Amino acid sequence: MKVDDERVLSDDGLENRALSFLADRRRRSRTQGALVWGEGDDGAVAIWDDPDPDVERAELDVARTYRRARFDAGLGWLDGPVEHGGAGLSAASQRRFAALEAQFDTPSQAFFKLDRVLTPILLRYADPEIARQHVRGLFRGDVIGCELFSEPGAGSDLASLTTKAVLDGDTWIVDGQKVWTSDAHYADIGLALCRTESQVSGRKGLTAFLVDMRQPGVEVRPLRQITGGSSFNEVFLTGVRVPDSHRIGARGQGWEVAQETLKIERTAIGVGMGRGGAGVANGERLVALVRSLGLENDPIVRQRLAEVVMAFRAAKHLQHVTSARRRAGDNPTASPLLAKLTLSNNLRLASRFVTDLLGPRLAADTGEWGTFAWNQFVLGEPGMHIMAGTDEVVHNMIGEQVLGLPREPRPQS
């Protein structure tokens with residue numbers, strides 16, 4: 001298959017070309033995505049990844065090889081701008097390809113989940129040359145990104161962060177500590193929020209930078225979670241040198257950059273309702289679990305199962321409405337916030353339902369397929385209420401930014 005000459009695809013030719021690419025490299029999924037109880041990995045319900053480091057590295061290599069081949073075939077960023085390596089097609093083309101891809105056994109692309117979060121930020125705020133250097137790499141798998149926002153004393157309260165960046169000539173010297181950073185242990189770049197104006201308190205003194213995660217002074221340490229895994233890290237920045245050309249946005253514009261990033265991320269979280277395991281977000285695996293326990297005719301169980309499934313389907317409808325509004329040129333303020341809250345609330349609902357269903361089976365592994373594995377879902381669910389801003393912070397944002405309510409009283413300094 002030629003690459004460069006055929007990079008700009010037509011919508012009409014997309015399907016045949018995509019199927020040819022996929023069939024040449026991957027085998028079709030045996031079950032076409034349908035869940036067969038007792039078959040496959042029952043640990044797919046885990047909310048947070050917990051891979052062995054060696055296994056994770058091997059999986060990353062496989063995922064990256066596939067991603068590069070897909071990009072070089074012109075299928076890696078169908079709805080992206082041609083000047084940055086995209087195909088210049090519609091979002092509908094991207095969705096069509098994703099549906100075709102789901103029919104094949106392809107490597108997980110979860111390693112690269114910030115490609116669509118960081119790219120619009122770089123294209124909007126970064127120096128054009130810096131954006132050009134990284135955007136293509138994010139979609140080809142050459143570059144993996146992370147967010148360096150939260151700090152031990154300023155989790156969701158980003159305005160309180162203390163990591164400092166001091167200008168020395170045309171280079172910034174960054175010192176501080178970030179925490180709860182996903183993917184930092186294999187990330188190549190990090191979008192860091194730093195305090196640059198010492199005389200200005202709160203959000204007005206913040207600036208964003210693109211940090212090379214491989215350079216001296218960047219130390220990544222894993223954080224152990226209640227699940228036993230280490231999906232997150234703390235990152236220590238000591239004398240890290242960042243060229244001024246890697247400043248993202250104007251000096252003092254960091255708060256805006258961070259809020260735009262989190263808005264995109266919250267939308268992505270809401271759309272990514274598959275998080276929590278294949279078949280959880282559409283209720284398929286929950287229905288199968290109820291049947292496996294012989295409780296499908298229990299009226300109380302049926303009622304609670306219906307509540308969970310309806311909640312997930314209502315969330316899916318919200319996604320469709322949001323997508324339709326975006327295609328129409330609207331940029332709804334409330335949708336990303338609602339998407340984040342909907343996901344965390346729905347996972348809580350599912351977690352409580354599963355806990356009541358399985359009881360002691362969650363605490364002791366008897367080897368019974370599809371039971372103890374939910375332990376990782378139940379223990380991981382609380383973390384969703386912290387991710388991308390706590391639920392409480394998001395509630396405040398809805399009240400103040402969407403409903404126009406008075407600001408919450410701030411503590412006296």
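At what angle do helix 7 and helix 9 pack, and how far apart are their axes? The views below of this predicted model take up that contact and then turn to the strands.

**View 1. Helix 7 packs on helix 9.** Helix 7 spans residues 284–292 and helix 9 spans residues 334–358. They pack at an angle of about 15 degrees, with axes 11 Å apart. Because angles under 35 degrees count as roughly parallel, helix 7 is roughly parallel to helix 9. The crossing is left-handed.

**View 2. Side by side, the residues where helix 7 meets helix 9.** Helix 7 contributes L286, L289 and V290. Helix 9 contributes A350, F353, V354, L357 and L358. The contact residues comprise 8 nonpolar, no polar and no charged.

View 3. Strand 2 covers residues 164–168, and strand 3 covers residues 171–182. The pairing is antiparallel, over 5 bridges. L167 has W172 in strand 3 as its bridge partner.

View 4. V174 stands opposite V240 of strand 7.

**View 5. The annotated middle domain, residues 146–229.** An unreviewed UniProt entry labels this span "domain: Acyl-CoA oxidase/dehydrogenase middle". Residues 146–229 are 0% helix and 48% strand. The end C-alpha atoms of the span lie 19 Å apart.

Conventions. Residues are numbered from 1 along each chain as its sequence is written. This is a predicted model: local features need pLDDT of at least 70, side-chain atom pairs count only at pLDDT 80 or more; totals for chains, interfaces and linings use all residues. Side-chain values use heavy atoms; hydrogens and water are left out. Two strands pair if DSSP finds at least two bridges between them. Helices (H or I, at least four residues) and strands (E, at least two) are DSSP runs, numbered from the N terminus. UniProt positions are given in the numbering used here, feature names are shortened, and annotations may be inferred rather than shown by experiment. Axes are lines fitted to C-alpha atoms, for helices over the stretch in contact, and angles run from 0 to 180 degrees between N-to-C directions. Angles under 35 degrees count as roughly parallel, over 145 as roughly antiparallel, 65 to 115 as roughly perpendicular and the rest as oblique. A crossing is left-handed if the near helix is turned anticlockwise from the far one by less than a right angle, and right-handed if clockwise. Contact means heavy atoms within 4.5 Å. Ala, Val, Leu, Ile, Met, Phe, Trp, Tyr, Cys and Pro count as nonpolar, Asp, Glu, Lys and Arg as charged, and the others, Gly among them, as polar.
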